[in-house]
Every structure is written in structure tokens, then in C-alpha cells.
Amino acid sequence: MRIATWNVNSVRTRVERVIAALQRHDLDVLAMQEIKCKDAQFPRAAFEEAGYEVATWGENQWNGVAIASRVGLTNVMRGFAGQPGFAKEGEPVVEARALRATCGDLDVWSLYVPNGRELDDPHYAYKLQWLERFADVAAQAARSGDAMVAMGDFNVAPRDCDVWSPAFFEGKTHTSAPERAAFAALEEAGLTEVTRPHASGYTYWDYQQLRFAKNEGMRIDFALATAPVAQRVTGVLLDREERKGKGASDHIPVVIDLAD
């Protein structure tokens, strides 16, 4: 079985590239983030023509998550118990950032963790709370022995080697101690990050200042799995080639091979 996660940064803009990646990598499941469209606007026909069912949770031009599967798509759930919301003013709104579906014999989460923006921004506190609440989901899945994988854009670089310049990120989000601790808490809850042992490199390069050309990137896209899934991982590919060319997302697909 071959699964992948990819922050596509607008699925309508990049639908041809996404379908091509599905076919090129012969994917069974793709978890997508930042689809940036309402559910009714998702280019579902292109995926169905390629042989995939799709579950989506979208909202206007921001956020949004989706799962495409050719091995079944059941038990779809938007959000998770206790998922916090965000609003600068008024009542917090639960954003389209977490989508779960059963694909074949796996429970797959597509996650788009809040960015955090700045260390003194309310969005930063929201990010930490969001990760803390998802750690409860992780712990429950681990206790139950579920075959679960949570894939996506975590907006955290857990180690200094995951950013091109630790000094550049000093005092910024993504590398702060509380964010790294929140990511570690997911592993302490019983999940295993399965991509690092099999592949090295970055998964994101900003569009500005020729970051990709200079390989000034970040590793912020991961897959965390319960034991029944982690022990099945046989290989991982970070598709750096997908960052090249006109119309590329600023993230790349992270492809994971699982033994049957």
C-alpha cells in the first residue's frame, strides 16, 4: 500500500499536478492540506476519473483538508473531539483543519496544524492548544491499538536540522520550544513519526527570496502512526522534483510505502 501527504496550496490551481502525482507515484491514498476551496468547488470529477473517491472539508479561500482514496473511503469525520476554534473577535470558529477517513485497513487523518504566525500572536496559543487536543486523539488511538496514521502539514520543525538556519528562526514560530514540545507530546502519546528514519531533506520552501534555488527549506510535513502502522513502513520518498517548474506548491508530496 502506498500513501502520501501533500499541502497542495490550492487544489483548483494545481489539480493537474495533483492528478499527475497520484498516477506517477501510484498512490492508494493521498491526504491533502490547504485545498483552499469550498466542498462544492473541489474538482472532484478529475479525481473520480482517475479512480479515486474523495472526502473534503473546505472553507472559502483558506485552510481546507481532503483525502483521496482508491481503496475505500468510509467513516468520514470532520474535526476531532475537543478541536479548538479560533477568532480574533467574537466566538471561536472551528476551522477546516482535520479530516479522518477509513481507507482500506487504515484510519487516515489529514491534518493542517495552525501556523502560529508570531510568538506573541493569539494564533500561536491556538496552535499549541490545537496540538494538545489532538494528542488526546493520538493517545486514544494508541491505547486502542487502532491502525491509524496522522499525516499532514504540522507547521513545526521538531529539530534544528529541519530548518536551513536555526539562527534565522530564533524568536520565530515553528522552532520554538513549546511547539517542539507539543509535537513531541504526540509521540509520547503513542505515535511514531515514520518518515525520518527513511528519508532526509526538507518538505517546504518559501516562494520568496529564491529559497528553493538556495535549498533554504524546512521539514514540517510528517506522518505519525500507531504501532500497527509504523511497523509496516518499508520506505519513504520526499518528492523534491514536485517543487520544480511553473505552478508548483511550496510543499512537496511525502510518499510512504506500507507492507501489506
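**Rings, charges and pockets**

Trainee: Which ring does the charged end of K172 sit over?
Mentor: The ring of F168, with the charged end of K172 4.5 Å from the ring centre. Sitting over a ring asks for NZ of Lys or CZ of Arg within 6 Å of the ring centre and within 35 degrees of the ring normal.

Trainee: And where does the charged end of R211 sit?
Mentor: Over F168 too, 5.1 Å from the centre of that ring. Before we go on, this is a predicted model: local features need pLDDT of at least 70, side-chain atom pairs count only at pLDDT 80 or more, and totals for chains, interfaces and linings use all residues. Residues are numbered from 1 along each chain as its sequence is written, and side-chain values use heavy atoms, leaving out hydrogens and water.

Trainee: Got it. How many aromatic pairs does the structure hold?
Mentor: There are 14 of them. Rings of Phe, Tyr and Trp (the six-membered one for Trp) pair if their centres lie within 6.5 Å, and planes under 30 degrees apart count as stacked, over 60 as edge-to-face and the rest as tilted. Take F80 and F134, an edge-to-face pair at 5.3 Å centre to centre, with 75° between the planes.

Trainee: What parts of the chain does that pair link?
Mentor: Distant ones: F80 is in the loop between β5 (74-78) and β6 (98-103), while F134 is in helix α3, 54 residues apart. The helix and strand labels are DSSP runs numbered from the N terminus (H or I, at least four residues, for helices; E, at least two, for strands).

Trainee: Are F80 and F134 buried or exposed?
Mentor: Buried, both of them. That word means under 20% relative accessible area; exposed is over 50% and partly exposed is in between (1.4 Å probe, protein chains only). F134 comes in at 1% relative accessibility.

Trainee: What kind of pair do W130 and F134 form?
Mentor: A stacked one, 6.3 Å centre to centre with 15° between the planes. W130 and F134 are 4 residues apart in helix α3, so about one helical turn separates them. W130 counts as buried because its relative accessibility is 0%.

Trainee: Which residues form one aromatic cluster?
Mentor: F80, W109, W130 and F134.

Trainee: Switching to charges. How many salt bridges does a search of the whole structure find?
Mentor: It turns up 16. Each needs a side-chain nitrogen of Lys or Arg within 4 Å of a carboxyl oxygen of Asp or Glu. One of them joins D26 to R70, where the closest N and O atoms are 2.7 Å apart. D26 is in the loop between α1 (15-24) and β2 (29-33), R70 is in the loop between β4 (62-69) and β5, and 44 residues separate them.

Trainee: Is D26 buried or partly exposed?
Mentor: Partly exposed, at 45% relative accessible area. R70 is partly exposed as well, with 36%.

Trainee: What does the side chain of D28 meet in a salt bridge?
Mentor: R70 again, at 2.9 Å from N to O. D28 lies in the loop between α1 and β2 and R70 in the one between β4 and β5, so this pair ties together parts 42 residues apart in sequence. D28 counts as buried, its relative accessibility being 13%.

Trainee: Which side chain does D160 meet?
Mentor: R180, at 3.0 Å from N to O. D160 sits in the loop between β8 (148-153) and α4 (177-188), R180 sits in helix α4, and they are 20 residues apart. D160 is partly exposed, with a relative accessible area of 44%.

Trainee: Which residues are linked in a network of salt bridges?
Mentor: R17, R24, D239 and E242.

Trainee: Last topic. What volume does the largest pocket have?
Mentor: About 760 Å³. A pocket here is an open set of points on a 1 Å grid over the protein atoms alone, where a 1.4 Å probe fits and protein lies on both sides within 12 Å along at least five of seven lines; lining residues have an atom within 4 Å of a point. With points joined across faces, edges and corners, the volume is the space filled by probe spheres set on them.

Trainee: Which residues lie nearest the centre of the largest pocket?
Mentor: N115, N155, H174, Y204 and D206, out of 30 lining residues.

Trainee: And what lines the second largest pocket?
Mentor: That pocket, with a volume of about 150 Å³, has a lining that includes M77, F80, R100, W109 and M148. β7 (106-112) and α3 (122-144) each supply at least two lining residues, and α3 gives the most, with 3. Notice that F80 and W109 are in that lining and also in the aromatic cluster.
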